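Subject: Structure handover

Hello,

Please find the structure below. My notes on what was found in it follow.

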Amino acid sequence: QLQASGGGLVQAGGSLRLSCAASGLTFGSYVMGWFRQAPGKEREFLAAISRIGGTTYYADSVKGRFTISRDNAKNTVYLQMNSLKPEDTAVYYCAAGPFLRTASLAYSYWGQGTLVTVSS
């Protein structure tokens, strides 16, 4: 089970840190990813991190603004989001999978989502 938290309302230019706590799975055995879905749009890959955190990968839309990290001792993955824009408004999801991929189909487990709203 994955439990995402940390969403909320923030002004443009602000920051938020999302967390995703895992339970019931061997956290360190999984690649972790973050995705988002805005109303009327498809789910979009944002970032992924390898099992021990040595490799990260970002979508161009968030590169330089978002940072993914993980703490395997706490079974938690984070997404630090800086310089937020109104177009970042979406429901944000964490996911766990066996491979570092951008496709949502590559991920086996999903959190329930946390809403991020960025006001202009």
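How many disulfides does the structure hold? The structure holds one disulfide, where the term stands for a pair of cysteine sulfur atoms within 2.5 Å. Before the details, note that this is a predicted model, in which local features need pLDDT of at least 70, side-chain atom pairs count only at pLDDT 80 or more, and totals for chains, interfaces and linings use all residues. Residues are numbered from 1 along each chain as its sequence is written, and side-chain values use heavy atoms, with hydrogens and water left out.

The disulfide

Cys20 and Cys94 are the two partners, with an S to S distance of 2.1 Å. The torsion about their S-S bond is about 65 degrees, so the disulfide is right-handed. Cys20 belongs to strand S3 and Cys94 to strand S9 (residues 90-97), so the bond ties together parts that are 74 residues apart in sequence. Strands here are DSSP runs (E, at least two residues), as helices are (H or I, at least four), numbered from the N terminus. Cys20 is buried, with a relative accessible area of 0%, and Cys94 is buried with a value of 0%. Buried means under 20% relative accessible area, exposed means over 50%, and partly exposed lies in between (1.4 Å probe, protein chains only).

Overall

The protein has 11 strands and zero helices. Of its 120 residues, 43% are buried. A compact globule with 120 residues would have a radius of gyration near 14 Å, and the 13 Å of the protein agrees with that; the radius is taken over C-alpha atoms, and the globule rule is 2.2 Å times the number of residues to the power 0.38. Along the principal axes, the C-alpha atoms fill a box of roughly 40 × 25 × 25 Å. Taking contacts (heavy atoms within 4.5 Å) between residues at least 6 apart in sequence, 56% join residues at least 24 apart.

S3 pairs with strand S8 (residues 76-81) in the antiparallel sense over six bridges, and Arg17 stands opposite Gln80 in S8. S7 and S8 also run antiparallel and are joined by six bridges, with Ile68 opposite Leu79 in S8. Four residues lie between the strands in the hairpin of S7 and S8, where Asn75 takes a positive phi near 55 degrees.

Two single residues

Ser19 is found in S3 (residues 16-22) and is buried, at 17% relative accessible area. Beyond residues up to four places away in sequence, Ser19 touches Gln3, Ala4, Ser5, Trp34, Thr76, Val77 and Tyr78.

Thr117 sits in strand S11 (residues 114-119) and is partly exposed, at 28%. Leaving aside neighbours within four places in sequence, Thr117 is in contact with Gly8, Leu9, Val10 and Thr89. Thr117 and Glu87 are 30 residues apart in sequence and 9.0 Å apart in space, C-alpha to C-alpha.

Regards

Terms used
Pairing = 2+ DSSP bridges.
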